[in-house]
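Work through the exercises below with the structure open. Try each task before reading its solution.

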Amino acid sequence: MSHLDDYREVVPKGTVDFLKCLAERVKGRKILHINSTKLGGGVAEMLRSDVLLLQDIGIEAEWQIISGTEEFFNVTKCFHNALQGQDQHLSQQMLEAYWEVNKENARRLSFDADYVVIHDPQPAALIESRLTQGKWVWRCHIDISRPQWKVWSFLKQFVVHYNAAIFSLPRFAQRLPIPQFLIYPSIDPLSDKNRDLSPQEQSRILSRLNVPTDKPMLLQVSRFDRFKDPLGVIQTYRLVKKHHDLQLVLAGGEATDDPEGKTVLSEVREAAREDPDIHILLLPADANLEINALQRSATIVLQKSLREGFGLTVAEAMWKGKPVIGGSAGGITVQIVYGVTGFTVNSVEGAAFRIHHLLDNPEVMTKIGEDGKEYVRQNFLITRNLGDWLALMNYLGRTS
Amino acid sequence: MVGRSARDEQQLLETIEEIPLDSLSYHTQSFFLRHKYIAGPYPNDFATWAAIQVRDRVLGEKLGILNPYDFENLEALRTEIVNIIDEHLSQLQIIPQVIYGEPFHFMQSRIIEVPTGLEARSLAEFRKILATVDASVIYYHNFEAILRLGRKVGDFALWIEEQLNLPELAQKISRIDFYMISLESVRHQIIKLCDEVLEKETRR
């Protein structure tokens, strides 16, 4: 059970007391979160911490999930891809399957709450069954800046009936007749992925992963997905390796919902072949302590994405005081203040140059690591997220 | 989010002319609230966008020096920003636009007032509380109050002058450099000024 007071030592001065004051204004009200899964993924991870902290602060917070058929989840996967700009074909039958599952869930679920927050497209059509007086909010976690128009039009017919929409970046905002809010995603500093680890714990985990500690480590934690540019990371490493004896760790899960994932992984393995200093780690979805230990052991963390949603791995690494070099994509540009909390780059050469620059200037690395950690403390911790929810509840309550 | 964006400086100018004042306030005055610890190169979003995303350092510099607390109200600030961009564009053959960078996305915000329940009755108490409160308290009393109440100085300086009868300290606080950029730096500076006065009192 998480308690807000447990966060006092890690969050900015006065935050916990301020949140308690803010919560007084909405105390006793009920907020219900609905999404499609309790397992895996950043949304579930954030919701778990959010709900516990809201409860701890006196808000009646509940989290329910919708159930659906395999066909339904195939359809919503197509939605997901189409909203992120990929060409997808959606038949009338598929749209009807989506609608039908939402109707079935509406019959099963109770929406008795002051605020009903629907996460992502899967349960978006639940709004059609709204009977209560509560405020309904659509929380979109995905990049819909360049959606496939037909799919967005279909989804928009539901979204316009909400009282408000929330997006993770300003560029995801749409032309909508309802208020749109910006809430950046956040990390939980006390979770297994981000909590402090003792040197013994770190070395035990690294030894279990067969990652040596005798050379400086470049690390990228991400799915084996073309948009994360793992091959570009290997090219970057090779450019730096000419002058620095270091190792590269590419750690991540296979994108099970991405048919290209296996191909990318085999291409990465092929590119890394015969280099004992490149370590490719295929980790399960719950390998939080492993990721924590790797990030803490890294010298420099890369997130060389070509396209990105928000990219919270950047905040995770910054929280551990590591300098981060990220691609100029999505939320990475929000997390990295160029030259202050890290560097954003646009090419393999740019990434290699910045790694050289950092390795040759350890004092710069230390300063960027310190500033990056403070920047995350102020902007990307779960307590800021909690404050955003409380402020939103306050705002929506007032406009009734 | 307002749902409007600008890809070049002409669009920026035209949109600034039309946006609600809450949006103008978000991109200028409330900059402090969003950058409590580290900030971009300039203390308002328009200047930072021009310099970083459009790569027009000249406009960035011209807008960057603006102090939003120097203006009587937000309309006066809007007029000045529009004049600066207009004059800048009149001297150019080509309108600078985003090529590799991000468009400017207009946002707006509202301040929610939250009583903290904390009260100070002496400078020592004030200093002690100031050291521990959320940084937004410093924004609210030291900066936002100037605009909200239409005064020349913030709540801290006014209270210290009127209630504690320390006009010299009040003046120093009211003159803290706006361009210090982060609220944590402002907190540090006020605490330092208070400590100087408290130390003098102890020595007496």
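The model is predicted, so local features need pLDDT of at least 70 and side-chain atom pairs count only at pLDDT 80 or more, while totals for chains, interfaces and linings use all residues. Residues are numbered from 1 along each chain as its sequence is written, and chains are lettered from A and ligands numbered from 1 in the order in which they are written.

**Exercise 1.** Find the order of the strands in the open sheet of chain A.

Solution. Strands are DSSP runs (E, at least two residues), numbered from the N terminus. Two strands pair if DSSP finds at least two bridges between them. The six strands, with parallel pairing, run in the order β2-β1-β3-β4-β5-β6. At the edges are β2 (60–65) and β6 (180–182) of chain A, each of which pairs on one side only. Within chain A, β1 (residues 30–35) and β3 (residues 115–119) share four bridges in the parallel sense. Ile31(A) has Tyr115(A) in β3(A) as its bridge partner.

**Exercise 2.** Is Ile191(B) buried, partly exposed or exposed?

Solution. Locate Ile191(B) in helix α11 (residues 183–203) of chain B; a helix is a DSSP run of H or I, at least four residues. A residue is buried with 20 or more other C-beta atoms within 10 Å of its own, exposed with 12 or fewer, and partly exposed in between, C-beta atoms being placed from the backbone. Ile191(B) has 15, so Ile191(B) is partly exposed.

**Exercise 3.** How far apart are the centres of domain 1 and domain 2 of chain B?

Solution. Domain bounds come from an automatic or database domain assignment. Chain B is assigned domain 1 (5–105) and domain 2 (123–203). Taken over C-alpha atoms, their centres are 28 Å apart.
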